[in-house]
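Subject: A structure for you to explore

Hi there,

Here is the structure I promised to pass on, which is a predicted model. Have a look around first, and then read my notes below.

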Amino acid sequence: MNNKKKLIPILFAFVIITASVFATFTVKITDVYAAKKENRYENLETLTDAINIIEKNYVEDVKMETLIQGAVKGMLSELDPHSSYLTPEMFKEFKVETKGEFGGLGITISIKDNILTIISPIEDTPADKAGLEAGDKIIKIEGKPTTNITLEEAVDKLRGKPGTKVTITIFREGKDRPFDVTITRDIITIKAVKSKVIDNLGYLRLTQFKQEASKEMSTALVELKKQDVNGLILDLRNNPGGLLSEAVRVSSIFLPEDKTVVYTKDRDGTEKHLKTRETGTNAEDIPMVVLINEGSASASEIVSGALQDYKRALVIGQTSFGKASVQTIIPMGNDSAIKITTARYYTPKGRSIQNVGIKPDIMVKQGTVNYEEGHPFLKESDLENHLINGKINKNRQNRSDNVTVTDNKTLEDDLQLKFAVDMLKGLIIYGQEKAAR
């Protein structure tokens, strides 16, 4: 009984102590919340103070719209290289560009390591014809340094009326010093897909994931099938990307239905899986290789990563650009917009390629093919009184063994493509022999 009497004050004291702990904790949370709220207002006051100081003291009158736009640009530039403010003019140009026709040089650019960098020149454009290459650094535009320039500002300076010229200063790895390139602007009309037959193999070159790119791909594939090709080469080299939706549609042509092509993860960790769908063009079984290089970015990496993860295709070339973030365009008032990074994307197997890129299954650097002159040597057919192979036509037996290939010029100028052709032929032969066993 005495023990029970002693226990009651102890329990009462424990309740008081516990209550005081919760009360103190609650006060701390409230203090923190109030501090955050107060800190936010202090920061906003800093912004309004800066605007007031500029309005009252700057040497010339400045429009409030100019100051607000500058503040928004500054905020977004602090985030990442792909987040930015689009003025009404820039937003209008962006919508035109995704449709595949616009005025300019024909290059895709990005800010890499704080330097304005060419991701890739677009084929058959002024930039391509001027010899610009993926990886070139643009250090000046019209003699003015590009230090701290935003992506949209650079685009605005590079674009202009067709027929006008712009001079850019290029720094290229392997060159002793920077050099100037003067390019005449033109209307850039992008044909997303180019196709041809190489040694009975279908060759598909996808230049950009613009609107309707997947439809162009399907049309080209139908034409190639009519020529009874027995393998496919999908060339994504120097493809800077484009629309995420088109990346999913293109992947759907080569993968079974309802397979994850890519999934995104936002700041809260919420995943969104984008899956293949019915396309009406079936190319799920034909042997296939994919070509990539340092200029293959974004949507190109999504497609090559998905085909690699599902072992649908052999990926050949060089490690890709390494952009694995999703940008969302959010329209604002006065026809402007904010382009902001809203998620990271991952390959079907959960690989993040941000800053590392897609690593090919087989690494092949770009170069040309040089055939050496044959050295003198004796073969059985050169020996006197050699036995004749009765199953081979005598004329055929005396033919030269020098290597000949269809579309020889293209393959000699492109080592990566030559390697892809040879590898695909090997895969086809191996597959046929395996099926015959």
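Let's start with the largest nonpolar core, which has 41 residues. The members that touch the most others are L204, L206, M217, L234, F254, V290 and L307. Several helices and strands give two or more residues to this core, among them β11 (201-206), α6 (213-226), β12 (232-235) and α7 (244-254).

Next, the second largest pocket, with a volume of about 860 Å³. Its lining has 40 residues, and L79, D80, P81, H82 and I111 are the closest to the centre. Which element gives the most to this lining? That is β18, with four residues. By class, the lining has twelve nonpolar, 16 polar and twelve charged residues.

Finally, take a look at D414, in the loop between α10 (408-413) and α11 (415-436). Is D414 buried or exposed? D414 counts as buried because its relative accessibility is 11%, and the cut-off for buried is under 20%. A polar atom of the D414 side chain lies 3.4 Å from the backbone nitrogen of Q416. Beyond its neighbours within four places in sequence, D414 is in contact with R237, Q366 and G367.

Enjoy exploring!

Best wishes

Definitions and conventions:
Residues are numbered from 1 along each chain as its sequence is written. This is a predicted model: local features need pLDDT of at least 70, side-chain atom pairs count only at pLDDT 80 or more; totals for chains, interfaces and linings use all residues. Side-chain values use heavy atoms; hydrogens and water are left out. A nonpolar core is a set of buried Ala, Val, Leu, Ile, Met, Phe, Trp, Tyr and Cys residues joined through side-chain atoms within 4.5 Å. Buried means under 20% relative accessible area, exposed over 50%, partly exposed in between (1.4 Å probe, protein chains only). On a 1 Å grid over the protein atoms alone, a cavity is a set of points where a 1.4 Å probe fits but cannot get out, and a pocket is an open set with protein on both sides within 12 Å along at least five of seven lines; lining residues have an atom within 4 Å of a point. Grid points are joined across faces, edges and corners, and a volume is the space filled by probe spheres set on the points. Ala, Val, Leu, Ile, Met, Phe, Trp, Tyr, Cys and Pro count as nonpolar, Asp, Glu, Lys and Arg as charged, and the others, Gly among them, as polar. A polar contact is a pair of N or O atoms within 3.5 Å; within protein, one must be able to donate a hydrogen and the other to accept it, and residues adjacent in sequence count only if both atoms are side-chain atoms. Contact means heavy atoms within 4.5 Å.
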